[in-house]
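The tour goes from single residues to the whole chain.

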Amino acid sequence: MSNKLEDLLQQGPIAINIGVYGFAESLQIQGVQVVHVNWTPPAGGDPELMELLDQLL
Amino acid sequence: MVTGYVIRKNEYHDSVFLMRVAKRLSEQKGILQAAALMGTEKNKVLLAEIGVRGAEISESNPSDLIIAVNADNQEALTSVLEDIDRWLTIDLGSAPRYDIRMLDEAVAMQPRSNLAVISVPGSYAAREARKALEHGLNVFLFSDNVPLESEISLKEYARERGLIVMGPDCGTAIVGGKGIGFANSVRRGPIGVIGASGTGIQEFTSLVHRAGSGISHALGIGSRDLSDAVGGISFLSALDALESDKQTKIIAILSKPPGQLALSNLIPRILQCHKPIVVCFLGPKQDSPHANFHSRTAHTLEDAAALALQIVTGNLLPRFNADSPRIQTLIQRERASKNPEQRYLRGIFAGGTFCFQAQQILQDAGIAVHSNAPLNGNLKLANPMRSEEHTLVDMGTDDFTVGKPHPMIDSRLRRERILAEGQDPQVGILLLDVVLGFNASPDPAGELVSTIEEAKREAKKRGGSLSVVASICGTEGDPQNFQQQVKLLKGAGVIVFPSSAQAAQFCALLAASLSEVIGVK
């Protein structure tokens, strides 16, 4: 099995950013490839609905 | 005072962005207080505490944006609330924004991805981290308030698959020369780092860079990873990877003391590592587990950097020397201008590890220190808002930051506290840290300068003087520029030391010297 942490250290980060947009921006400034996810709370932040969704998907 | 608010249904923004919006709103003329928050239950309580209530607020949910303002007149209130779009779009940044809402879409768009940087609120973070691991991504988990059982399960899942979870509650990593989260701009080099805390990693890596060497990778494993409950799962993954990494010639381990059980399980692995290891477990000397190691041990972050540098370069880092003419002259100068009442030290910190390390240094010097985050439980401040005798305050804890900007992003809370300490006639020394780097305030020293000058003037009016001592964590490559920040502080009469440890060591000497003057033991 390949060790994906060792691959990360060798290749450098190719990132997906979920949350604080500024983190995507600071990575981009350093030349890191980054895709930012416009995250919103699942199920409008309703924990019961979120659990139901998780079971369905 | 007039109060008003605007609610935007289903408009989510991240907490750091909203802190910046709130900061900008609060700087407008006539605005007394501004909040930009998502409609969580916790945030609704915070809004009620500042007098903002309403049926629409009660009905809002965590996907709804609430902007609330207290102003001293209706005109100021209206001018802000009628133009909310302007405040929400003024600082959108330059990174590309695609309409991607799910991790799956991002992975499809960038199939070679190898890292997920996750900073959503703690109650959602484990869910997102699990999805990222299932996609074969390493995880940098910035979020705090992630349940312990979730942390353990995520880390076990990751380790079984050759992945790592960095964090939670650790804001810094450097991978292949690229800073992630709150990191400094440091050159690449032979020293690998495994650190439990963000500011600990920032200080170590900045010191190494400023001494001319560099960092291969710095992996932040989170404040609980070395506890008995977690047992160092991410630590072991990080150690395995750094030991295999060709560029890493030496490994530094930076943490508070690990749990006893975790430590006894990890020691054989650490001793087995074929690369030199420097171990720095911060904490009072009597609690130190260093005796267990054949490897090199350090008691402060600067000691650790000095040891690592000595191994890789053979050079010695200039260290604090209490007997040097420069230090002795400074002590005499600062002591001479004090009035007899001024005997206490107050440390107002943005970085939690700096507050912890300074307590350790003062305690080792025989000086009892109170804190909201104490080394010793019996010296916990009864009220985090009010200092007692010698006090060091970590302004980054939940005591201060719930619903308010962290002091590394916005120094407003620290400025208020500095002024309050300056009003206390018994205070003679103020100890500060300034943290530079990606995602930190664009001008942290500049934000503090006028407040420091005001506190100094107050002390002078009372016939004494306020010694302000600081260290700056950062490098000349940081967006804020290290040298420029040093110059700003020195211009305000601040005594600036090259490390947080040296600043605390100087304060210990000066505090002891002030006690001698008035005969306090």
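Does Asn145(B) count as buried or exposed? Select Asn145(B): it counts as exposed, because 11 C-beta neighbours lie inside 10 Å. The cut-offs are 20 or more other C-beta atoms within 10 Å for buried, 12 or fewer for exposed, and partly exposed in between, with C-beta atoms placed from the backbone.

This is a predicted model; local features need pLDDT of at least 70, side-chain atom pairs count only at pLDDT 80 or more, and totals for chains, interfaces and linings use all residues. Residues are numbered from 1 along each chain as its sequence is written, while chains are lettered from A and ligands numbered from 1 in the order in which they are written.

Stay on Asn145(B). It sits in the loop between strand S5 (138-141) and helix H8 (148-160) of chain B. Helices (H or I, at least four residues) and strands (E, at least two) are DSSP runs, numbered from the N terminus. Asn145(B) is not a glycine, yet its phi is positive, about 60°. Most residues other than glycine have a negative phi.

Next, select Asn481(B). Its phi is also positive, near 65°. Look for it in the loop between strand S18 (467-473) and helix H18 (482-491) of chain B. Asn481(B) is partly exposed, with 15 other C-beta atoms within 10 Å.

Now pick Gly167(B) and Pro168(B). A cis peptide bond joins them, with omega about 0°. Pro168(B) lies in the loop between strand S6 (165-166) and strand S7 (172-175) of chain B.

Finally, zoom out to chain B. It has 19 helices and 19 strands. Its C-alpha trace spans about 65 × 60 × 40 Å along the principal axes. Buried residues make up 50% of its 521 residues.
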